[in-house]
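Hello,

The structure we discussed is below, for your files. My notes follow it.

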Amino acid sequence: CECHLNPVGLFLAAVDLNVAVLPLEWLLGTWESDEPGEGSFPSIAPFRYTETLHFSHVGQPVINFMFNAFHAESRKPLHRECGFIRIQPGTNNLAFIIAQNSGLVEIEEGELIGQQVILQSRALARTSFAKEPHVQQVSMSSDMLYFPQLNYLFIFVMFDQISRLFQLRPDGRLEQTVSMALENQPLTQHLHITYRRAS
């Protein structure tokens, strides 16, 4: 039985990629930033960061992912995201289900066009004590649920406040651009970075 070690240290038997996510095969593997990415937003000082992306599967009709960002100079851990990618059967529509270390959980939906993924935020929930400033909704449609036993407030909204673009460039590098809107700030480019395939 052929096995491999996944990023969290578990040995898994090699399995075939589920046909449902075959169009995303080009994303699989580990990607590392080939030079520091650029971060900016009107409300913060510009910054530089490095990032490692890992896309994997266990034979289910989803792609698993982990994104780990680090300060470009100090290598201090920064933003982390993990989650799953699903494709709507019979279409090129897909969804990223994302949990972030900042206390934010979001669903981004969009389209797969060749080797390009275009996403927009569809729903957001955050812990009641998540770090400010909070990403804001553009539309006013929302539902709130409070769980007193957990001391969590979940806010579910329909909006277009975060957009994300992944594209595989002709030179084989992966490019990611993230734009976002915060309170009193329109949708603005926030992050831009390119990666080389490491495995």
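**Strand pairing and one glutamine**

Isoleucine 118 stands across from leucine 165, a residue of S13. The model is predicted, so please read the notes below as computed from that model.

The pairing behind that position is between S10 and strand S13 (residues 162-168): the two are antiparallel and share five bridges. S10 also pairs with strand S9. Here nine bridges connect S9 (residues 104-112) with S10 (residues 116-126), again in the antiparallel sense. One of the facing positions is glutamate 106, which stands opposite leucine 124 in S10. The hairpin formed by S9 and S10 has three residues between its strands, and glycine 114 in this hairpin has a positive phi near 65°.

Glutamate 106 leads on to glutamine 100, as the side chains of these two residues are joined by a polar contact of 3.0 Å. Glutamine 100 belongs to strand S8, which covers residues 93-100. A second polar contact, at 3.2 Å, links the side chain of glutamine 100 to the side chain of histidine 79.

Is glutamine 100 buried or exposed? Its relative accessible area is 13%, and because the cut-off for buried is under 20%, glutamine 100 counts as buried.

Which residues is glutamine 100 in contact with, once neighbours within four places in sequence are left aside? They are His79, Arg80, Glu81 and Glu106.

Regards

How values were computed:
Residues numbered from 1 in each chain as written. Predicted model: local features only at pLDDT ≥ 70, side-chain atom pairs only at ≥ 80, totals over all residues. Heavy atoms only, no water. Helix = DSSP H or I, 4+ residues; strand = E, 2+ residues; numbered from the N terminus. Buried < 20%, exposed > 50% of the residue type's maximum accessible area, 1.4 Å probe, protein only. Polar contact = N/O pair within 3.5 Å; in protein donor to acceptor, adjacent residues only side chain to side chain. Contact = heavy atoms within 4.5 Å. Pairing = 2+ DSSP bridges.
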